[in-house]
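Good morning, everyone, and thank you for making time for this. Please have a look at the chain on the screen while I take you through a few of its parts.

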Amino acid sequence: MTAIGAGETTDNAGGRVNLLGLPRAELEAFCAGLGAKPFRARQLMNWLYKRGCDRFEDMSNLARDFRGQLAERAAITLPEIVTEQRASDGTRKWLLRADQTQAFEMVYIPEADRGTLCISSQVGCALDCAFCATAQQGFNRNLSSAEIVGQVWLAKRELGFQPGGDRIITNVVLMGMGEPLANFRNVIPALRIFLDDLGFDLSRRRVTLSTSGLAPQIYRLAQEINVALAVSLHAPDDELRSQLVPINRLHPIAELLEACWHYIDEQNGRSVTFEYVMLDGVNDSPAQARALARLLTGHPAKVNLIPFNPYHGTQFRRSSEAAIGQFRDLLLRGGVMATVRRTRGDDIDAACGQLVGRVTDRTVVRLGSRVEAARTRAAGGVDA
Ligand code: SAH
């Protein structure tokens with residue numbers, strides 16, 4: 001297996017099709033293949049996503065024959081929960097098994113007016129951002145659509161599926177382990193299920209895909225689906241950004257921003273959220289704040305400043321509160337909407353950039369080879 005975006009789906013459960021992760025059109029096609037009417041697919045989705053049922057034998061409004069066929073040809077296979085941790089602020093983190101040796105993480109962040117589930121799209125990550133703990137793990141593989149959808153399903157089971165209106169998970173963010181746009185082919189069907197009113201029925205403004213900046217994939221995304229887009233910018237100039245987010249060497253800031261504005265135009269979106277990790281003495285000076293404001297002002301952009309979350313072995317330090325406050329004020333004065341992300345769950349290493357899962361089989365480990373591998377692949381797209 002190679003670096004960014006390589007990998008295969010594991011939607012196939014012992015030769016049977018895993019129904020979890022099949023968007024409506026594909027589920028209908030699957031039912032048609034069994035000689036069943038399209039409304040059977042809608043019934044199945046209702047059982048799966050509204051009622052949290054994962055056993056065909058319990059799906060009482062399906063004909064017995066059809067249930068028999070499903071049991072033979074299909075499966076509902078979820079990732080297995082290995083451990084759960086709870087932080088003092090109510091944040092919960094689950095470690096989920098990908099296979100014998102690999103595991104990935106998801107995090108639930110409760111707040112007064114919403115509940116956010118932060119999910120993973122890959123086991124490990126190949127992007128090698130300098131300040132991210134997941135990057136230290138290297139990359140193992142893409143998660144399948146079923147494993148991505150299965151995270152929300154499991155979290156709902158743990159938190160309680162509420163018939164007649166579940167509002168416990170109001171937001172889903174692809175900000176866990178991995179680069180979602182490097183796993184395009186499995187992420188898109190999962191997003192469709194998140195938004196489908198027969199699926200998790202989430203508002204498109206409350207499903208956020210965060211990318212380190214794979215510009216060509218943002219154009220592809222614009223053709224496929226309308227969700228909230230977040231982009232990890234982290235620096236106002238190419239020299240610094242290339243050090244912090246190495247994919248910038250392939251897709252520099254100007255190219256990335258063009259892709260972002262295209263996405264907003266194409267999808268009638270409101271604005272792109274630019275994530276900016278606050279690293280003491282690295283990217284947090286007043287001059288850098290002014291440069292960032294100049295870059296973004298007049299565009300559909302807002303900035304979310306993320307206080308750096310330290311992890312074992314990192315050389316970076318979090319910016320002081322004063323520096324973060326001043327940085328935000330300079331952005332606001334420069335005409336750019338800016339907020340500071342509250343750190344959650346850091347006592348259980350559940351905060352941004354602290355997710356490591358368990359990645360023992362890393363295929364591509366260091367930066368140079370990754371950028372080279374990415375360059376080679378750039379011509380043909382990332383995982384198409
Ligand atoms: N691969 C996606 C999702 C990553 S996680 C992406 O790069 O956007 C979500 C955010 O957390 C990203 O902006 C990421 O850069 C940021 N992040 C990573 N490590 C961090 C750390 N140690 N402290 C704070 N934020 C971090």
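Before I come to the strands, let me say that two strands are taken to pair if DSSP finds at least two bridges between them. This is a predicted model, and in it strands β14 and β15 run parallel and are joined by four bridges. Within that pairing, L305 stands opposite V340 of β15.

Both strands belong to an open sheet of 10 strands, whose order is β4-β5-β6-β7-β10-β11-β12-β13-β14-β15, and whose pairing is mixed. At the edges we find β4, residues 80–86, and β15, residues 337–340, each of which pairs on one side only. Neighbouring strands in this sheet are turned by 20° against each other on average, if direction is ignored.

Is I306 buried or exposed? It counts as buried, because its relative accessibility is 8%, and the cut-off for buried is under 20%. Leaving aside neighbours within four places in sequence, I306 is in contact with E275, Y276, V277, M278, R341 and C352. Of these, R341 lies 35 residues away in sequence, yet the two C-alpha atoms are 5.2 Å apart in space.

Finally, I turn to a pair of helices, α7 (residues 215–224) and α9 (residues 253–267), which pack at an angle of about 5° with their axes 9 Å apart. The two are therefore described as roughly parallel. Among the residues making this contact are I218 and L221 of α7, together with L256 and Y263 of α9, and by class the contact has 10 nonpolar, two polar and three charged residues.

Technical notes. Residues numbered from 1 in each chain as written. Predicted model: local features only at pLDDT ≥ 70, side-chain atom pairs only at ≥ 80, totals over all residues. Heavy atoms only, no water. Buried < 20%, exposed > 50% of the residue type's maximum accessible area, 1.4 Å probe, protein only. Contact = heavy atoms within 4.5 Å. Axes fitted to C-alpha atoms, helices over the stretch in contact; angles between N-to-C directions. Parallel < 35°, antiparallel > 145°, perpendicular 65-115°, else oblique. Nonpolar A, V, L, I, M, F, W, Y, C, P; charged D, E, K, R; others polar.
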